[in-house]
Structures are given as structure tokens and as C-alpha cells.
Amino acid sequence: MEQLLQLFVFIPLLGFVLSLLFANRQEKLISGVAYTIVGLQLAGLSVFIVSWLLHGASILNLKHFVFYKEDTIEIFLDFYFDKSTAMFAFVGALITFLVLIFSKYYLHRDEGYKRFFNTVLLFFFGYNVAVFAGNFETLFIGWEFLGITSFLLIAFYRDRYLPVKNALKTISLYRLGDICLLLSLWMSHHLWHENITFLQLEDVGLVNSHINEHYGFALFTITMLVISATIKSAQFPFSSWLPRAMEGPTTSSAVFYGSLSVHLGVFLLLRTHSYWESVEVMKVGIIVIGAATTIIASLIANVQATVKTQIAYASIAQIGLMFIEVALGWHNLVLVHFAGNAFLRTYQLLVSPSVLGYLIHDQVFNYSPKKYDTKRTFAGKLRNTFYLLGIKEWNMDALLKKALWNPFKRVGKMFYFMSSNAALIVLSIVYIAGLVIFSFYETLPPQLDETLHLLFSLISMLLILIAFVERKNAIRAWGIIILSQFYCVLAIALLNDTYEYGEIALYASGLIIAAIVGSYALRKLLIAERHVSLDDFYGHIYHHPKLAFVFLLACFAFVSLPFTPSFIGIDLMFTHIDKEEYLLITMTTINFLVLELAVLRIYARLFLGPHKKQTHPIAYRSS
Amino acid sequence: MKKEVFDEHHVLHELKHYLPTQTPLKDFIHHNSLHAFQQMKFYDAIFKASKIFGYQVTLPLVDFRNLYQIGRIDNEVLERVIEEKKGKGNLTIWKQHVINKNYDEHNAQRVGLLRANWKKIYQIELDNLIQPFLFRVLAGYLDQGVSIWDFPAGNMTFLESIKWIERESFTSFFKTAKAKKLLFQNDLTITDLLKIVVGKEEYFEQYLFDQQFSHRGWSGMVATLEARPDALLSPKTISLNDLIIFELLLEIDHLENELGRKWKPLCESITQEPIDLFKEVANTELHEVLKIWQDAFEWSYYDEVLAGIQQLSKSKQNPETSEPVSEVKSFQAMFCIDEREDSIRRHVEFIDKKSETWGSPGFFGVEFYFQAEHAKFYDKLCPAPVTPAYLIKEYDVSEKRNHDILYTNKTHQLISGFISAFTFGFWAGIRLVQNLFKPKMSPAISNAFAHMNEQGKLTIENKNINDRENGLQIGFTIEEMTTRVRGLLNGIGLKSDFAPLIYVVAHGSSSANNPHHGAHDCGACSGRPGSVNSRVFAFMANHVEVRKRLTESGINIPDKTQFVGALHDTAADEMEFYDLDVLNEVNAKSHLLHVETFERALDLNAKERSRRFASINTKEEIKKIRKAIKARSVSLFEPRPELGHGTNTLCVVGNRSITKGLFLDRRAFLNSYNYKLDPEGSF
């Protein structure tokens with residue numbers, strides 16, 4: 001039975017690959033393939049679940065494919081099946097199936113018909129990878145695909161300003177969640193000295209003794225997991241991205257933000273519950289997050305005058321309750337709550353365009369003049385306060401910007417002088433010197449080693465922050481990013497004796513190809529358009545769709561999406577940072593956090609948004 | 001005496017003139033967003049509007065050239081247009097320009113240039129900082145019932161309400177004390193604030209246009225609501241002045257917050273001179289080329305239509321091909337002039353050769369407000385510019401309106417949401433499956449036939465002129481009815497040869513998931529179905545007293561002739577007939593036959609429409625197509641059950657014989673008119 005698990009990951013992948021084969025005009029084939037594949041998944045899953053239940057519903061685990069293996073490190077795919085998987089996979093397949101049928105007609109004649117179905121199928125693949133994942137690595141792969149497909153679907157109307165802007169906003173938070181997951185993965189490597197599977201986490205005795213042994217580190221791992229879940233499920237204080245993510249087609253908003261994507265935080269908590277359940281402080285933490293979210297999101301939902309935003313906050317409030325339920329151990333309740341909420345919000349989002357007509361009609365027949373209470377009372381004052389706070393979404397958006405992104409930008413601007421030609425030449429020379437030092441590694445005094453790797457890591461981090469604030473020249477920004485990544489590899493290589501050439505090559509190979517491809521695309525764009533500035537959105541995809549696609553692939557490869565060898569490279573690289581290396585891990589983390597944002601920012605600014613050459617109809621900025 | 005450079009009152013007036021007249025979607029009005037330019041010549045107007053506001057006013061050059069390549073723009077026509085415009089001698093050179101020459105088509109609009117300097121000089125994106133918040137406040141204030149909580153003190157004017165919240169809460173709209181203090185300053189004017197933000201008066205007008213046109217939709221809505229507060233059911237008092245003051249305060253607040261003391265009024269840091277947005281727009285060669293293309297495109301199409309009309313009249317003169325015109329008419333049917341009725345009229349005439357159809361704007365000359373039973377408000381049922389003095393009320397309706405909790409905000413609160421997840425949640429899943437595979441009518445779908453209850457009664461006749469409600473006379477007096485019936489019959493030229501049955505067919509449209517569904521209803525009825533109008537007109541024309549008075553003015557309708565009101569749902573392709581109990585025995589019988597005719601015409605109409613729908617196989621059996629068309633109108637996933645006015649290209653005013661039998665592909669407005677009956681042109 002275990003062997004069947006892989007099917008439910010490969011069927012969606014097959015669907016995605018098949019859907020790439022058609023032209024945009026072949027609507028019936030594209031949608032036909034999409035819902036046949038998802039329908040197949042749904043049917044297969046239903047049969048599987050029934051027979052699984054009949055066979056006693058025991059947990060299934062399948063160690064699948066080993067990517068990489070050396071003495072202590074083994075990176076492999078692992079699939080897992082329990083009641084949470086069953087519920088999430090089933091609801092996911094059913095909702096995706098229904099929404100695909102809905103979209104078949106709804107998106108008729110849309111310029112991005114094919115793009116939509118491709119992306120939804122890729123999302124569905126990522127979702128299933130995450131849901132069936134049996135270890136952190138597999139989960140992380142799914143998580144990454146969810147992030148990227150979210151970005152693509154939010155920016156679906158890519159020639160408009162707001163969708164693109166909000167897609168960037170969402171992906172930056174998603175990326176933060178990904179990085180938190182990566183950190184907990186890193187830490188758990190060091191704690192368990194192996195790549196732990198979720199099945200092993202079910203062993204209560206093992207987990208408890210482990211936590212007692214490394215309380216501090218375990219707490220760190222769990223905190224990272226919880227933050228990741230909090231972001232994914234748009235819990236406080238990360239809620240404001242959700243309503244902003246509803247810029248894509250109504251149908252994809254319904255799947256992603258109404259039902260599936262947004263509940264994955266709950267799934268992550270369910271999946272890892274045996275790990276954190278014995279840590280009281282974490283349990284309390286999750287309850288506090290859930291409770292705060294529930295109250296605040298309900299208050300915000302009260303004052304929303306747009307239908308979709310109201311649904312979004314109402315859904316967030318319910319997910320807050322689910323957090324509490326998970327923490328209290330009521331897992332069956334959570335699963336039913338999830339399914340009900342997912343169906344309800346999907347339906348409400350899909351019919352949201354008719355709400356207006358319904359309410360106007362209702363108002364005509366049932367209107368009674370509103371009564372406004374304008375007496376000066378304390379309660380009234382409190383209510384007004386909550387009203388205004390709700391309109392401002394409790395300043396969550398501004399707060400995140402101020403606390404999270406502005407410091408990065410400030411540092412980037414402070415060291416902006418490093419982006420001058422002279423400075424870059426110096427840095428390149430230093431890098432070559434670093435390489436030479438590395439090759440004479442054995443003869444170096446260890447103190448020098450110590451300082452050098454931190455210095456290189458710092459340079460790497462600063463460079464990426466500079467690329468993040470570069471406004472003028474995309475090619476320069478791209479070059480800085482490349483240099484920064486090479487510094488990053490060198491820093492870790494210098495530190496660690498066991499970091500082999502082979503492993504470095506694994507990471508660098510993907511990196512170099514991506515760097516070359518990306519540079520090529522930018523060069524061509526420069527020749528065609530004469531300038532590649534980053535001070536606004538330029539929408540060049542209108543004239544250069546192929547170039548845009550090539551560059552996007554380069555970006556994905558650069559951030560080590562799991563289709564390049566770099567994905568394993570990055571995993572290995574983190575493994576080589578020791579758990580006491582606080583400075584190095586902090587700098588490397590920031591590096592990887594900003595990396596994705598920096599490259600996607602280049603992509604978005606150059607290729608997306610309203611086309612700068614206004615020779616054809618464009619949408620207003622506020623639309 | 002020193003002349004004021006900036007006249008606040010005047011500039012506000014200008015702004016309102018140029019902003020789009022954006023009404024709430026409750027009443028759908030087909031609106032010309034270039035109305036402010038309508039006194040100018042067509043091409044001057046559109047190119048001027050385009051230069052000032054950045055509107056896209058023609059197809060892009062490349063599209064015209066493609067149309068030429070595929071033959072939709074005819075070479076002969078193109079050459080003729082060039083010769084007419086540029087002279088024979090210049091044909092070669094202009095043809096070269098038109099077809100091959102490269103132009104820089106980038107249209108640098110005037111509006112927005114001044115305000116863009118905030119970003120250039122201070123790297124601050126005011127629109128990004130302010131607009132999301134501003135729109136949420138506006139939406140909250142104007143909200144009609146989506147939001148769960150009402151806007152605090154929403155009964156005051158917009159600005160007073162803002163002040164109230166600012167005073168009576170523990171938080172603030174603003175981040176800085178400066179903006180807050182300004183808000184409470186006595187007699188605060190736009191000019192005061194502009195002095196702070198912009199500085200010199202010469203720039204004020206341009207700045208305000210830049211600012212308001214960065215969100216022209218919202219500003220247009222506010223300006224419209226200021227002029228017509230009754231466009232909202234739950235009343236709100238808002239003005240453009242209030243909006244601008246609030247927005248300027250937010251600008252000051254954000255500038256102050258982001259830049260502290262580091263900013264000066266905008267005009268002190270720029271060298272750019274103020275520009276007159278409305279100064280003449282130079283005519284360019286590109287404009288000339290576009291004009292030629294546009295004319296050639298239009299004439300290529302008209303040429304085909306006129307050739308068709310010519311061919312038709314030739315074949316009618318030819319005794320071998322022409323069909324004999326029947327002296328005895330089986331029935332006559334009046335339809336709205338709407339282009340979607342073009343096809344059904346053709347099919348009706350084809351199926352019943354003795355029938356005759358007429359076209360007239362779908363409110364059938366009767367203008368009034370309608371109050372459905374139990375409704376708290378009136379619906380206007382006539383063209384938008386008309387303000388009716390009459391009210392028609394519905395009574396004796398037994399049917400109850402259904403509710404649907406999933407469409408309300410009742411499931412969006414904490415506890416209700418929790419309970420809903422475990423109950424309605426699963427129900428919603430089932431309903432979604434049901435709607436996808438077997439769509440059917442539900443309370444949330446806007447149903448054209450539900451506009452008026454078929455069984456209900458209407459207060460059409462006014463017997464006592466003191467019978468009034470809110471300044472409106474309830475029903476029409478005999479004289480008023482006569483005037484309206486006479487007006488319509490004169491207008492379309494139907495003054496003799498009356499058939500025994502005359503149908504008055506209004507139209508409406510059902511659609512399931514489309515906030516703009518009003519755009520598919522009857523434009524002559526303010527975006528609503530015209531069922532009440534058709535019923536009212538039929539009643540009037542059947543009225544004995546009215547008939548008497550019509551005879552006095554030369555319109556002699558035989559006693560055996562009866563009028564029947566009807567509604568055609570243009571999305572579902574279904575028809576409903578009203579007040580059939582008044583028909584005499586003979587007519588009641590023949591009506592049943594005519595219903596057959598209409599049914600077959602609807603089948604054919606559905607088939608004709610299905611050619612354009614990817615979801616329907618147009619080669620299917622005709623009844624299946626009809627079913628599929630019906631399903632389209634109640635499917636949630638189909639926001640465009642029909643294509644509305646997207647295909648409209650023609651307006652034919654004249655006798656039906658000009659176009660009878662001609663395939664105009666549902667693109668023509670057809671208004672019946674007989675010039676012979678109107679020598680003075682008074683109709």
C-alpha cells in the first residue's frame with residue numbers, strides 16, 4: 001500500500017507536464033487535461049482512503065528516492081499518510097477539481113488561459129508534495145512550489161500595477177516562512193544527526209528525551225516551525241497579505257486563499273504536533289497567536305466594505321480558532337473545521353460577484369434606515385477606535401514594512417557605495433584572492449580562517465542587500481547578486497573542512513548556469529530596449545514574452561527551486577554551518593531571504609506591470 | 001483689482017465636468033466618458049481627450065494594419081478615404097504613410113505630470129501611501145450594507161464624520177499632529193491646504209486635476225453622488241470638496257511623517273512651468289493616419305451593409321424572388337430597438353410570414369417609477385435623463401422572496417463563522433457541485449422575470465389626481481395614457497393595418513455571477529428589465545376610453561385588436577406573456593399558435609447565438625442548444641451569459657422593409673419610423 005503513495009504526487013506532476021504541451025487557443029484540451037488528471041487523482045484517492053480505512057487506518061511511510069548520500073548526511077524524498085494527509089489531500093483534490101471545471105468556462109478567451117491551468121496544476125503538485133511529505137526536506141520542496149505558484153497567480157494580470165506589487169508583497173512573506181522552515185530543517189539536522197522523518201517524530205519517548213537534552217535548540221526549531229505556519233495561515237501579525245493576495249482570477253483566489261494554501265499552516269502544526277506537544281510554552285504560544293488572530297481578524301472583518309476582503313478576514317479568524325484547537329489536541333475537530341471552512345469560503349469567493357446584486361435586491365425589500373448613535377460614551381469611543389483600527393488593519397502592513405523590510409533597505413542604502421564599478425572590481429579581486437587562500441587551505445592559521453569566513457559572509461550579505469535597493473541598472477543588480485552568491489559559497493567552504501569540492505560543485509553548477517542564462521536575457525533586453533532600469537515597473541513582457549520566461553526560469557534556478565542541482569547544494573551548504581555559528585547562520589539566512597526577493601524584484605520591475613510604452617490599452621494604476 | 005489666479009469654485013466645477021459620471025451599479029447607465037468633449041468635432045474631441053487624460057481612443061496602429069492585411073479593411077475604400085482627405089495627387093505618399101511608416105505611438109498624457117515630481121524629487125510615492133487607506137475610508141463611509149459595522153456617525157457629512165471619529169476615538173486617521181490640527185481648523189478650504197502642499201496658485205488647478213484623475217473612478221462617483229444623492233438607497237452626504245480636503249490632509253500627513261522638515265511646497269523645488277491642461281492639441285501626422293484608418297474601417301463595414309440593403313431592395317422589386325406581402329396580418333410585435341432583438345425579429349418574421357415586427361426604445365414611451373410589492377424603494381423605468389412624475393405600484397403578490405444566507409455577511413463573524421463551517425460549509429460544497437453539473441435558478445441569480453410578479457396587479461390607471469405619493473402621481477389619467485400611446489404609434493408609424501394581436505415585447509437578461517448584469521438589461525429602462533413597461537403600455541392601448549380618444553386623433557384601432565405585454569429574456573432565450581385573461585376568445589386561441597411561433601423563433605435565436613459561444617456546440621440538436629443557452633444564464637461560472645452590446649455597430653431608423661430579411665448579425669439598432677407619416681418631422 002505504501003508504494004501507492006507516490007502515485008498521488010506523480011499524477012499531478014504528470015498533469016502539469018501534459019498541460020505544457022498545448023497552445024493557448026486549445027482551451028478544451030488544456031482544461032480537459034487539467035480536470036481529467038485532477039479527477040483521476042480524486043477518484044484514486046477516494047478508493048485509496050476507503051481501503052486504507054478498511055485496513056485499519058495505520059500510518060503509512062514510504063522512503064522514496066535518495067538524492068544524496070554521504071556518511072552522516074542523507075537527503076531523500078519521503079512520503080507519509082495519516083488521517084491529516086487523508087483529509088487535506090481529499091479536500092484539496094475535490095476543491096481543485098471543482099474549481100478547474102469552474103475555470104474552464106470562467107476564463108474562456110483569457111489571454112492567460114494556458115498559463116492559468118499550468119500554474120494551478122503546478123500548485124496542485126506542490127500542495128500534494130507538502131501534504132504527503134514524510135520529512136522536512138520533502139515538505140520544503142512542496143512549500144517552495146506553493147510560494148512560487150502563488151506569486152505567479154497573484155500577478156496573473158501581469159500588465160497591471162497592483163497585482164504585481166501585491167504579488168511581490170506576498171512572496172516576500174512566503175519567503176520568510178520558507179526560510180524559517182529551512183532553519184528548522186537545518187537545526188534538526190544538527191540535533192538528530194540525521195534527516196528525521198515525521199514517522200520518527202511519532203515516537204514520543206524519543207522526542208521527549210531529545211527535547212530534554214537540547215531544550216534551547218529544540219525550542220528554536222519549533223519556534224521556526226510555528227512562525228512558518230503562522231505566515232502561511234496569515235495569522236497575526238502576518239495577516240495583511242491575504243486580502244492583498246486576492247488580485248488573481250477569482251477562481252484561483254478561491255483555491256489558494258479561500259481554502260487550500262491558507263490552511264497549510266494548520267497542516268504544518270498537525271504534522272509536527274508530536275514534536276511540540278510536550279513543550280508547554282510553545283503550546284501556550286500557539287494558543288496566544290490563534291486567540292489574538294481570531295479576535296483581531298474578526299474585528300477587522302466587521303468593517304470591511306469589500307466582499308472578498310471580508311471573506312478573507314472571516315476565514316483568518318476561523319483559522320485562528322483552528323490553531324487553538326490543534327494546540328489543545330482536538331485533531332479530529334480541526335480536520336472537520338478545516339474541511340467546512342474550506343468549502344464555505346471557496347463557495348463564497350466563487351459567488352462573490354453576485355453578492356452585490358443579491359444585497360441590492362435585499363436592500364430594496366428589507367431596508368430600514370440605519371440608526372447612528374452619536375452620543376458621547378466610552379463604549380462608543382471604543383467602538384470608533386476598533387472601527388478605525390480595522391480600516392487600518394491594525395497597522396499590520398506598515399508594521400511589517402517598518403520592522404522587517406526597512407532595516408534591510410537601510411543597510412543596503414548605507415553600503416550602496418559598494419556597487420560602484422571600482423568597488424566591484426576590488427571585490428572581485430578579493431574574491432579571487434579568497435579562492436587562492438582556499439586552495440592553500442591546509443597551511444592557513446585557523447584564526448585567519450575564522451575571520452575570513454565571517455568577512456566573506458558579511459560581504460555576501462551586504463552585496464545582496466545592495467542589489468535589493470539598486471534602482472538604476474538591472475544588469476548591475478544581477479551581477480552583484482551573482483558575486484554575492486559566490487562569496488556565500490566561499491565563506492562556508494572556508495569554514496568547513498568537510499565541505500567537499502563535489503558538494504560545492506553541486507551548488508555552483510546550478511548557480512553558474514542560472515547566472516549565465518539570466519545575464520544573457522538581460523543583455524538581449526538591453527539591446528532591444530536600450531535601458532534596463534529598475535525605478536519603476538516596465539512591463540516588457542508585452543513585447544518580450546519569451547525573454548521574460550527565460551529570465552524567470554533563471555530566477556527560479558537562482559533561488560534553487562527544486563529543479564536544479566542547487567537545491568541539494570543549498571541543503572548541504574546549510575548542513576555545513578554548525579549550530580553554534582550564530583553570526584554565520586544569521587548572515588546566510590538574511591542572504592537567502594533577500595536573494596529570492598532581489599531576483600524576483602528584477603523580474604517584476606523589468607517584465608511586469610503596465611507597459612511603459614503606452615501604445616495599447618492599459619489598465620489604471622488603481623485597478 | 002487683482003484677478004484671482006485660482007478660483008476654487010470654478011476649478012471644482014471643471015473637475016466635476018471632466019470626471020466620469022460614475023454611478024453606483026444599482027442603476028446601470030451607458031455612459032459616455034468623453035461627454036465633456038462632446039461639443040467638439042469627433043476627431044478633435046477624441047485626440048484632445050487622449051492627450052489630456054491618456055485615454056486610448058482608437059485601435060492601435062498595428063491592429064488597423066492587421067485588419068487591412070486580413071481584408072477587413074478594404075483596399076478600395078482605403079484609397080477612396082485617402083483621396084477624399086488628402087487629394088488624388090497625394091494618394092501614393094499617404095498610402096505609404098498609412099501602411100508602412102513607423103510612428104512613435106507613445107502618448108505622453110498631460111495629466112499627472114506635476115504631481116509626479118514628488119517621486120522624482122523626494123522619492124516618495126504618495127499614491128501608494130495614501131490611496132489604499134483613502135479608498136477604504138471612502139468605501140466604508142459610502143457602504144450600503146456589505147460591511148458588518150456601520151461607519152461611525154455616517155449620518156453626518158463625510159468630513160464631519162471624519163472629525164467625529166477623530167475626536168471620539170483613541171486612535172487617529174493621521175500620523176502627525178500637523179494634519180490633525182488642520183482638520184479642526186475653522187473654515188478650512190482647499191486653497192489653504194494647497195498653499196501648504198503646492199505653494200503657488202498658478203499650479204493649483206493642475207495639481208488638483210493630477211490628484212483627482214489618479215483615481216478618477218472614485219472621484220467621479222463622489223462628484224455624481226454630490227449631484228444626485230438619491231443614487232444611493234442608504235443616504236450619504238459627500239462632496240468632491242470633502243474628498244479633496246481629506247486627501248490633501250493625508251498628503252500633508254504622509255509628507256510630514258516620511259520627510260519631517262525636509263520638504264517644501266512642491267512648486268518651490270521644481271523648475272517646471274505650470275501647464276494649461278486644456279490648451280489646444282497639435283494635429284500630428286499620426287492623428288491623420290489614424291483618422292484615415294478609422295474612416296476606412298467604418299466605411300469598409302458600412303459598404304457591406306449598404307450592399308446588402310441594396311441587394312435586398314433589388315430582390316424585392318424582382319417579382320420572381322420577392323415574397324408576396326400578405327394583406328392579412330397574423331400578429332404584430334413591437335420589440336426594443338436593441339441589437340439583440342434584431343435576430344429574434346428576423347426569426348419571427350421568417351417563421352410566420354404574415355407577422356410583422358416593429359422597433360421602439362424598450363420603455364415604450366411610458367415613463368414612471370415602479371414599486372414592487374413590499375419594496376421600500378422605487379425603480380426608475382425609463383431612460384436615464386428622463387425624470388418621471390408617475391408611480392406604478394404592484395399589489396396582490398402572493399409569492400415570497402427567498403433568502404440565501406451564504407450571500408450575506410452573516411457567516412463572517414466569529415461564532416457564526418464557526419457554526420457555519422460545520423453546517424453551511426458542507427452544504428456549500430454540495431451546492432457548488434450541483435451548480436457545476438446541473439445549474440438552476442436561485443435567489444442569488446439576477447432573474448429578469450423576477451423583476452415584476454406575473455400574477456401581481458399594477459396601479460396603472462389614475463382615477464383621482466390627488467392620489468399621490470412622495471410627489472409622484474400614482475398611475476396615468478386617461479388623457480396621459482392617450483398621449484403616450486399616440487406618441488409611440490406615431491413614432492413607429494403604426495397607424496393603420498392593425499393585426500388582431502399586437503405584442504409589446506420588452507427585454508431583460510438573467511445572469512448569475514456578474515455585478516454588471518444591469519448592462520445586459522434594457523438601457524431604455526435604466527438598466528432594468530422592461531416587463532412593467534410592456535404590461536403598462538398594453539393596458540393603456542387596450543383601454544376603451546383611450547381607444548376612443550385615439551380615434552378622435554385619427555388612429556383607429558379596431559375593437560378586435562388587442563395588445564399583449566411580454567418579456568424576452570435575452571440571456572436565457574425565454575419569453576413570458578402578461579394579462580392573457582383580457583384576450584377575447586378568438587385572440588386567446590390564436591395566441592396559443594403565436595406562442596408556438598415565438599418558441600420556434602427562440603430556438604433559432606438560441607442557435608444563432610450559440611455560434612459565438614465556446615461552451616456550446618452549435619451543430620447540436622436545436623432543443624439541446626436551447627437548453628444549454630438556458631443553463632448558461634444560471635451558471636455561476638458564466639459571467640457572460642450573453643455578450644451585451646459588444647457587437648453594436650449600426651443604427652437604422654426607418655421602415656422595417658429596408659432591413660426585413662437581411663442578416664445584420666445582431667449588430668444593428670432598429671428603430672421603426674415612417675417619414676411619409678411625418679412630413680413636419682414632429683415625431
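Modeller: A word on labels before anything else: helices are DSSP runs of H or I with at least four residues, strands are DSSP runs of E with at least two, and both are numbered from the N terminus. This is a predicted model, where local features need pLDDT of at least 70 and side-chain atom pairs count only at pLDDT 80 or more, while totals for chains, interfaces and linings use all residues. Residues are numbered from 1 along each chain as its sequence is written, and chains are lettered from A and ligands numbered from 1 in the order in which they are written.

Biologist: OK. How many helices and strands does chain B have?

Modeller: Chain B has 22 helices and 13 strands. Its C-alpha atoms fill a box of roughly 90 × 75 × 60 Å along the principal axes.

Biologist: And what share of chain B is buried?

Modeller: Of its 683 residues, 41% are buried. Buried means that 20 or more other C-beta atoms lie within 10 Å of the residue's own; 12 or fewer is exposed, anything in between is partly exposed, and the C-beta atoms are placed from the backbone.

Biologist: Which domains is chain B divided into?

Modeller: There are domain 1 (32-109 + 283-301), domain 2 (117-268), domain 3 (331-364 + 477-677) and domain 4 (403-441). The bounds come from an automatic or database domain assignment. Between the C-alpha centres of domain 1 and domain 3 of chain B the distance is 37 Å.

Biologist: What order do the strands of the open sheet in chain B have?

Modeller: The order is E2-E1-E9-E10-E11 in chain B, 5 strands with mixed pairing. Two strands pair if DSSP finds at least two bridges between them. The edges are E2 (356-359) and E11 (574-577) of chain B, each pairing on one side only. From one strand to the next, the twist averages 25°.

Biologist: How many bridges join E1 to E2 of chain B?

Modeller: E1 (residues 331-335) and E2 of chain B are joined by 4 bridges and run parallel. B:Met334 is opposite B:Trp358 of E2(B). Strands of a sheet pair through backbone hydrogen bonds, either parallel or antiparallel.

Biologist: Which helix lies across E9 and E10 of chain B?

Modeller: That is helix H19 (residues 531-542) of chain B, which lies across E9 (501-508) and E10 (562-569) and runs at about 175° to E10(B). Axes here are lines fitted to C-alpha atoms, for helices over the stretch in contact, and angles run from 0 to 180 degrees between N-to-C directions. Contact means that two C-beta atoms, placed from the backbone, lie within 7 Å.

Biologist: What does B:Ile555 touch?

Modeller: Leaving out residues up to four places away in sequence, B:Ile555 touches B:Arg486, B:Leu489, B:Lys495 and B:Leu550. B:Ile555 and B:Arg486 are 69 residues apart in sequence, with their C-alpha atoms 7.8 Å apart. B:Ile555 is in the loop between H20 (544-552) and E10 of chain B, and it is partly exposed because 18 other C-beta atoms lie within 10 Å.

Biologist: Is A:Ala234 buried or exposed?

Modeller: A:Ala234 counts as buried because it has 28 C-beta neighbours inside 10 Å. B:Asp497 also has a positive phi, about 55°, and is not a glycine. B:Asp497 is exposed, with 10 other C-beta atoms within 10 Å, and lies in the loop between H18 (478-492) and E9 of chain B.

Biologist: Back to helices. At what angle do H15 and H16 of chain A pack?

Modeller: H15 (residues 307-327) and H16 (residues 331-350) of chain A pack at about 175°, with axes 10 Å apart. That makes H15(A) roughly antiparallel to H16(A); the cut-offs are under 35 degrees for roughly parallel, over 145 for roughly antiparallel, 65 to 115 for roughly perpendicular, and oblique for the rest. Among the contact residues are A:Ile311 and A:Met322 of H15(A), and A:Phe338 and A:Leu349 of H16(A).

Biologist: Last one: how many residues does the contact take from chain A and from chain B?

Modeller: Chain A gives 63 residues and chain B gives 77. H17(A) gives the most to chain A's side, with 11 residues.
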